[in-house]
Amino acid sequence: MAVPIEQSSAALPPDDEAPAGRRSGAGLLRSAGALLGVLPFAVYAGLFLVVPTAAIVFGAFQDPETGGFTLGNLGIAFHGIYLQGFVTSIELSVITSVVPGVLGLVIAYAVQTSRSGALKRAVSTASGVFANFGGVPLAFLFIATVGSSGLAVDWLKGVGFNPYDHGFSLYTFSGIALVYLYFQIPLMVLVITPALEGLRPAWREAADNLGASGWQYWRLVGGPVLLPSFLGSVLLLFGGAFSAYATTQALTSGSLAITPIQIGTFLNGNVLSGQENVGKALGFGMVVIIAVVMVVYAVLQRRASKWLH
Amino acid sequence: MVALTSAPGVESPGAPRGGAGLAVLKRSWGRWVVLLAAGVYFLVPLYAALRFAVQTPDGGTSLGVFSGIPDQQGFPDAFGLSIKLAVVTTVITLVLMVPTAIYVHLRLPKVRRLFEGITILPIVIPPVVLIVGVLQAAPGALKGTPYLLALEYAVLAMPFAYRSLDAGLQALNLKTLVEASRSLGGGWLTTGFRVLLPNLRSALLAATILTVALVLGEYTMASLDQYETFPVWVVVYDQANAHVSVAVSLLALVGTWLLLILISLIDTRRRSSPPGES
């Protein structure tokens with residue numbers, strides 16, 4: 001359904017622009033007048049989205065003492081503890097997008113191939129709900145579950161296995177990753193299900209009739225068709241994990257040094273003199289990374305829509 | 001939408017094949033293992049939180065913790081502030097987005113993609129980054145009030161609000177509705193308030209619910225702007241009484257859940273009887 005719309009709007013501009021080029025001054029004035037209708041929105045988005053973003057970018061390149069141009073902030077932001085922060089953030093985001101990506105795909109496939117409509121509806125509703133669980137409440141749910149005296153930890157201790165003796169802690173990297181799965185898996189189920197629905201039974205039957213094994217079908221037909229959707233969905237999860245702040249802050253009180261937490265500490269006032277703008281440089285770095293991820297995502301979505309509509 | 005409605009009907013072909021009985025059994029066995037494991041992972045934390053919340057110091061259980069929430073120190077102020085922010089944000093979002101979305105759909109179909117792109121931008125700029133820029137750029141008068149948060153929450157709500165409105169507008173035959181109303185002598189205000197808004201009822205409700213849910217749960221910007229909204233209070237209060245914080249979190253999740261169920265109910269109703277669809 002999305003595709004015909006895309007095509008029609010993609011086809012429109014050339015048709016319209018040809019006469020527009022020849023249009024008189026009055027016509028131009030009229031289309032400028034038509035744009036006045038979106039002025040309130042444009043002004044609002046400008047004031048509360050574009051101006052703050054511009055302040056970040058500007059500040060990232062500004063010397064806090066002289067006010068002049070400098071690359072010093074970025075230099076600090078990409079060295080030492082701040083570079084480590086980016087590395088940890090990216091590691092955490094990769095793990096919490098690839099693992100739930102695969103698990104979500106498996107769950108979505110298990111549901112999709114079932115013949116129970118009730119199961120499909122139940123999983124789709126539950127996914128919509130759990131994908132929106134996040135932030136502070138989720139942190140407390142997990143404190144009660146796998147905190148040092150949480151219920152699941154008690155159960156495991158009961159069978160002689162204390163995860164806290166084996167390098168696990170809710171308040172470190174491993175724990176945070178476990179918590180993120182809680183909203184990332186359902187999100188993956190939500191975004192990958194339409195792609196699985198797009199795999200036509202006829203393709204599978206055609207492959208079977210031609211003597212293909214199940215593995216050959218997935219390697220040569222199903223896999224290639226699904227791949228762009230799968231990668232795109234994983235990137236979407238990556239973006240969400242990369243910018244998340246609340247859950248980690250609530251769980252670790254800022255002791256896990258990922259980039260969003262480091263940016264937060266700049267606002268809380270513990271800043272060395274001369275480094276006032278490093279927080280903005282970090283923010284600039286985050287925006288650049290997410291923007292790259294989103295561009296790749298858009299490209300993959302376009303590829304995915306070639307086969308799946 | 002097409003895929004959604006046709007999905008339950010297309011399951012039959014290709015499922016059971018002759019001689020594949022064992023494979024089907026094996027596959028469905030695998031399916032139940034997967035679903036069971038997922039079920040355990042998603043339900044155990046809910047159960048653990050409930051158990052932790054109702055535990056009393058002497059080892060018994062009591063639901064008193066839930067009824068005691070409104071009396072906890074700081075709760076009325078924090079919750080009140082969050083409600084006020086939710087109301088202000090919703091008003092800003094609707095006043096800003098509804099006329100613009102209608103106008104763009106009706107008059108400027110060419111800039112629709114651009115408009116959509118701008119409303120998606122807040123997803124690219126994480127709240128933790130945005131608040132840094134906001135506190136840098138905002139004039140002092142705004143920085144001294146919590147309503148600066150409402151102004152920014154309206155930005156964060158843009159992607160969700162726009163998508164709801166866009167879905168509602170696409171389901172309408174907007175041009176016909178407007179032309180009919182105009183040719184019957186309705187002015188622009190009459191057309192807007194008596195023709196378009198009633199037809200967009202469910203889209204407006206969905207946009208409102210999503211905005212309210214976002215504001216009530218937002219922690220990042222509020223905590224960094226040093227205002228004690230509801231989620232910030234939950235974290236701070238954990239130091240005093242962890243049982244209360246877990247109980248409140250559980251209620252917040254159930255509340256969000258109910259709101260989302262409400263949206264999906266509205267959505268189903270909209271699908272079964274699309275108003276004004278040609």
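Q: Let's start with chain B: among contacts between residues at least 6 apart in sequence, what share join residues at least 24 apart?
A: A contact list can be sorted by how far apart the partners sit in sequence. In chain B of this predicted model, 78% of the contacts between residues at least 6 apart in sequence join residues at least 24 apart.

Q: How many helices and strands are there in chain B?
A: Reading along the sequence gives a pattern of elements. Chain B has 14 helices and zero strands, so its pattern is written α-α-α-α-α-α-α-α-α-α-α-α-α-α.

Q: What percentage of the residues of chain B count as buried?
A: Of 278 residues in chain B, 34% count as buried. Helix H13 of chain B, residues 230-237, is mostly covered, with six of its eight residues buried. The buried residues in H13(B) are B:Phe230, B:Pro231, B:Val232, B:Trp233, B:Val234 and B:Val235.

Q: How many residues of chain B are in contact with chain A?
A: In general, the size of an interface is often given as the accessible area lost when the parts come together. Here we can count residues instead: 64 residues of chain B are in contact with 65 residues of chain A. Helix H2 of chain B, residues 21-54, gives the most to the side of chain B that touches chain A, with 12 residues. By class, that side of chain B has 47 nonpolar, 10 polar and seven charged residues.

Q: Now for one residue: which residues is A:Gly128 in contact with, leaving aside its neighbours within four places in sequence?
A: Setting those neighbours aside, A:Gly128 is in contact with A:Leu190, B:Leu260 and B:Ser264. A:Gly128 lies in helix H6 of chain A, residues 117-130. As for A:Ala108, A:Gly128 is 20 residues from it in sequence and 13 Å from it in space, C-alpha to C-alpha.

Q: Why does A:Gly128 count as partly exposed?
A: The idea is to count neighbours: 20 or more within 10 Å makes a residue buried, and 12 or fewer makes it exposed. A:Gly128 has 18 C-beta neighbours inside 10 Å, so it counts as partly exposed.

Q: Which residues of H6(A) are buried?
A: For a helix, ask both which residues are buried and where they point. In H6(A), the residues A:Val123, A:Ser127, A:Val129 and A:Phe130 are buried. They cover an arc of only 160 degrees around the axis, so they are on the same side of H6(A). The face turned away from that buried side carries the exposed residues A:Gly117 and A:Ala118.

Q: What span should the 14 residues of H6(A) have?
A: At 1.5 Å a residue, H6(A) should span 20 Å, and its end C-alpha atoms are 20 Å apart, which agrees.

Definitions and conventions
Residues numbered from 1 in each chain as written. Chains lettered and ligands numbered in written order. Predicted model: local features only at pLDDT ≥ 70, side-chain atom pairs only at ≥ 80, totals over all residues. Helix = DSSP H or I, 4+ residues; strand = E, 2+ residues; numbered from the N terminus. Contact = placed C-beta atoms within 7 Å. Expected span 1.5 Å × (residues − 1). Arc of directions from axis to C-beta. Nonpolar A, V, L, I, M, F, W, Y, C, P; charged D, E, K, R; others polar.
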